[in-house]
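Me: I'm new to this structure and would like to learn how to read a few of its features. Could you take me through them one by one?

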Amino acid sequence: MKNMINVDSLTDIVSNSVGILIIFAVINLIHDNNKTYELEIPIEHETELRPAYIISKDDRLLILDTEQVFTNAALQAGKGAASNKRIFDLGYQGLFAQIDEKKGISFHARGTDDWSKFTELSKSGSELQKQLQQIDPKQYFAYFFVYDETNPGSASGSGFESFREARKYLQGRQVKSGWQPVSADFPPSICDFSYSNECQYLPSFLGSDSTASKS
Amino acid sequence: MASRASRYARYLPQEKLEISLFPFLSIFLCVMGVLSFINILSSVSTPQKIELTMELEQGYKVAFQVFTMPDGVISVPPINRLLELQQLVDEESRSTLAMIILRRQRVIDEVTYAQANPALVARSPDVEDISLWLYEIRLINEMALRVNFLYEEFLLFGIYPNGGEAYQKVRSVMTGSPHARNISVGLEPLDANWSLSLHKGSK
């Protein structure tokens, strides 16, 4: 008589596993078809808070030091680099700039390698966390310029994920946020409301957020 | 005869048929592997179906949804509560509302029909269309205010990747429009694999 290994119990386990997987796949399929994600949509509100500008691109964030930016721009403008709406190197975090009467100062983010990755938000004591912690919720709100261009193989805008994460982080610190999508054709720009109606930077929040912050 | 049968019965257990279960086991393992693979793949790549909502402030703010895509914009205006409002306003406003509802219903029907491929109904933002949305929203909000009906429409932008250009165009029309002055705006970034699911109120 040929000696055979008894695989009955093993077959039993494997067939049970297959059965469970089939059930799981069917449940998953049914559940996925009915799944809807409800997003909370904050609404723009007028505010007396001042904006702290942040550029979000390539999953990285740059908190603009506006004082430094304007000093550098003024220096370049003084040298004539900014004449005739020419794009000039701002000498600040890989940013190039353009000065226009209507749009104010526009930024062209060409190199983002020196900017902080949004994943640093989860590391306590990271440089990005420190920078965001400097935003005083009683005086400022964060205003994001979010790049909506997609990188190859991605289904999301290059700045969407980093914006969402930073907004969540700031919300935890009671800092309000506002944003607008930007791209190479519609670059981020800072201008004064008194020059153009389009120069308006507003925070967006839910009604409950405003009552919570008031109390 | 009986002795032959009993002899046969005695021999029967010794002739037990041995079947090799290895081929079955192999098939089962293959099926299990494929199913696990499909499961993982589907959980990673299945487009999420989303429904855009907002936290209703005192339950009266209703979204006029505008989705901006690389090909243009899709508008999904609200209708449901307009029917209630229609009962409260005067004769003239009632007929204006009826026209608005009819126009909106046509837009929703178009979007519902092409829901599998919403890009088909996406249109390049047209100044006249945007002005009409703004005019209607303003008109409805004013009517609701006049009859003390707790209802306010606001513009809600869902911005898909590369949809920023269309959004900027709409906002630039809004900046120049007197109708947009008191209209609230909300906006949210959406990923390309988040498919559009119609707003409950529009169904």
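Reply: Let's start with A:Asp58, which counts as partly exposed because 18 C-beta neighbours lie inside 10 Å. The general idea is that a residue is buried if 20 or more other C-beta atoms lie within 10 Å of its own, exposed if 12 or fewer, and partly exposed in between, with C-beta atoms placed from the backbone. Keep in mind that this is a predicted model, where local features need pLDDT of at least 70 and side-chain atom pairs count only at pLDDT 80 or more, while totals for chains, interfaces and linings use all residues. Residues are numbered from 1 along each chain as its sequence is written, and chains are lettered from A and ligands numbered from 1 in the order in which they are written.

Me: Where is A:Asp58 found?

Reply: A:Asp58 sits in the loop between β3 (50–57) and β4 (60–63) of chain A. Helices (H or I, at least four residues) and strands (E, at least two) are DSSP runs, numbered from the N terminus. β3(A) and β4(A) form a hairpin with two residues between them, and A:Asp58 in that turn has a positive phi of about 50°.

Me: How do β3(A) and β4(A) pair?

Reply: Two strands pair if DSSP finds at least two bridges between them. Here β3(A) and β4(A) are antiparallel, over four bridges, and A:Lys57 stands opposite A:Arg60 in β4(A). Seven bridges also join β3(A) to strand β9 (residues 140–147) of chain A, and those two run parallel. There, A:Arg50 stands opposite A:Tyr140.

Me: Why is β3(A) largely enclosed by the rest of the structure?

Reply: Because six of the eight residues of β3(A) are buried.

Me: Which strands form the open sheet, and in what order?

Reply: The order is β5-β6-β7-β11 in chain A, with antiparallel pairing. The edge strands, each pairing on one side only, are β5 (88–92) and β11 (189–190) of chain A. Helix α2 (residues 66–78) of chain A packs on this sheet, touching β5, β6 (95–100) and β7, and its direction makes about 140° with that of β5(A). For reading that, contact means C-beta atoms, placed from the backbone, within 7 Å; axes are lines fitted to C-alpha atoms, for helices over the stretch in contact, and angles run from 0 to 180 degrees between N-to-C directions.

Me: Is A:Thr71 buried or exposed?

Reply: A:Thr71, found in helix α2 of chain A, is exposed, with 12 other C-beta atoms within 10 Å.

How values were computed:
Two residues are in contact if their C-beta atoms, placed from the backbone, lie within 7 Å.
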